[in-house]
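Here is my note on the model, point by point. Please keep the structure open while you read.

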Amino acid sequence: MTTSPDTVHGADATTDPAPLTADPAAARTRIRPARPDFEEEKTSNFQRFLVGLFVAIPLVALVAAIPLLWGWGLGWHDVVIALVFYWVSGLGITVGYHRYFTHGSFKAKKGLRVALAIAGSLAIEGPVITWVSDHRRHHKYSDREGDPHSPWRYGDDWKALSKGLVYAHIGWLFDPNKTSQEKFSPDLLADRKIASVDAWFPGYVAVTLLLPALIGGLWGMSIHGALTAFFWASLVRVALLHHVTWAINSICHTFGAEEFEVRDKSKNVAWMAIASFGESWHNLHHADPTCARHGALKGQLDPSARVIWAFEKLGWAYDVRWPDEERLTAKRPAAAKRKLGAWTRLAARGRSAATAESR
Ligand SMILES: [Zn+2]
Ligand SMILES: [Zn+2]
């Protein structure tokens, strides 16, 4: 235990939204920081089982199918097309929908702004304004009443948590309560180009499903090539990306490392870093939501940050909010051992150089 509840919740405790339960005893437990008194050691096997249920088992089944299908139901064409579409639509979500549109962690030139909205639409996770509104609401209420997808909504015993994990992962999508776009995304509603990408969402769904099939068909000059590309690069790719994105809501709010002080239960999850393009450093993200790099500690891979860096070099992105050493250090628990990554130091150095030049 490195922080007391007071240091984490002290200042804003009175203005925080109500915790996710009517039971005052449970509520007291819930609003404590992420490593509460009831360490869930006893349910650790069960926790592992749940993680397996959500991510590992379907993945293992998929991987097991690959050698069986290789050569007739799956070929390297399909793999290449699937990877490219996973990459474009995935980064559309992480760099576009999330870091840019939701949190404004950098500014983008017009062309890039529209391209990011389109790339994110290709992930079939909803139109950009809906996604951004839900996610801004998630940050406003994270793990409290009003959060659209908290795994802690039913309580923190293993039964309630397993139900909550299913809800955070997928169940929330079926919840009838809609996030107000007027309240959460007036900036995007006012932008005609973005509103038009939003309205064309069904068209982008058709594109993201049919384009891989078209490419696969032309590449192999066969209907068979179109069908296998459709299966792997459209269906499997979209399903995989959905699970990875949802796992940020479920797994990264439940299991993992707390390396920064936050008032919710967000965690850093190393093994998901590559598949999620760096989004699984979710504890840092909740500690400093507008930061363009989520893997800010030493050795934490963050492919999305690398892409933002490339956009910045190309001159398409500017005013990037790179990790700020001072701000992040203030949010680290006293006993934290892992150092901040080189990116942070570089950003700080770049800033002091810039300040020196402007003098
Ligand atoms: Zn979150
Ligand atoms: Zn966020």
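1. **A loop glycine.** Glycine 75 counts as partly exposed because it has 19 C-beta neighbours inside 10 Å. A residue is buried if 20 or more other C-beta atoms lie within 10 Å of its own, exposed if 12 or fewer, and partly exposed in between, with C-beta atoms placed from the backbone. Glycine 75 sits in the loop between helix H3 (44–69) and H4. Its C-alpha atom is 8.8 Å from that of alanine 229, although 154 residues separate the two along the chain.

2. **What you are looking at.** This is a predicted model; local features need pLDDT of at least 70, side-chain atom pairs count only at pLDDT 80 or more, and totals for chains, interfaces and linings use all residues. Residues are numbered from 1 along each chain as its sequence is written, while chains are lettered from A and ligands numbered from 1 in the order in which they are written.

3. **Overall make-up.** The chain holds 16 helices and two strands. Helices (H or I, at least four residues) and strands (E, at least two) are DSSP runs, numbered from the N terminus. Of the 359 residues in the chain, 41% are buried. Take the contacts in the chain with a separation of 6 or more: 66% of them join residues 24 or more positions apart. Two residues are in contact if their C-beta atoms, placed from the backbone, lie within 7 Å.

4. **H4 against H12.** Two packed helices are described by the angle between their axes and the distance between the axes. H4 and H12 pack at about 35°, with axes 9 Å apart. Axes are lines fitted to C-alpha atoms, for helices over the stretch in contact, and angles run from 0 to 180 degrees between N-to-C directions. H4 passes H12 in a right-handed crossing. A crossing is left-handed if the near helix is turned anticlockwise from the far one by less than a right angle, and right-handed if clockwise. On the H4 side, the contact includes Ile81, Ala82, Phe85 and Tyr86; on the H12 side, it includes Trp232, Val236, Leu240 and Leu241. By class, the contact of H4 with H12 has eleven nonpolar, six polar and two charged residues. Ala, Val, Leu, Ile, Met, Phe, Trp, Tyr, Cys and Pro count as nonpolar, Asp, Glu, Lys and Arg as charged, and the others, Gly among them, as polar.

5. **H4 against H11.** How do H4 and helix H11 (residues 201–220) pack? Their angle is about 150°, and their axes are 10 Å apart. H4 and H11 are therefore roughly antiparallel to each other. Angles under 35 degrees count as roughly parallel, over 145 as roughly antiparallel, 65 to 115 as roughly perpendicular and the rest as oblique. The crossing of H4 and H11 is right-handed. His77, Asp78, Ile81, Phe85 and Ser89 of H4 make the contact with Thr208, Pro212, Ile215, Gly216, Trp219 and Gly220 of H11. The residues in this contact of H4 with H11 are five nonpolar, five polar and one charged.

6. **H4 against H6.** Helix H4 (residues 76–102) packs against helix H6 (residues 128–141) at about 60°, with axes 10 Å apart. The pair is therefore oblique. The crossing of H4 and H6 is right-handed. Tyr97, His98, Phe101 and Thr102 of H4 meet Val128, Trp131, Val132, His135 and Arg136 of H6. Five nonpolar, three polar and one charged residues make up the contact of H4 with H6.

7. **A buried valine.** Valine 244 is in helix H12 (residues 223–250). Valine 244 counts as buried because it has 22 C-beta neighbours inside 10 Å. Leaving aside neighbours within four places in sequence, valine 244 is in contact with Ala275 and Ser276. Valine 244 and serine 276 are 6.1 Å apart, C-alpha to C-alpha, and 32 residues apart in sequence.

8. **Two positive phi values.** Methionine 221, in the loop between H11 and H12, has phi near 45°, a positive value in a residue other than glycine. Methionine 221 is exposed, with 9 other C-beta atoms within 10 Å. Aspartate 319 has phi near 50°, also positive in a residue other than glycine. Aspartate 319 lies in the loop between strand S2 (317–318) and helix H15 (325–330). With 11 C-beta neighbours inside 10 Å, aspartate 319 counts as exposed.
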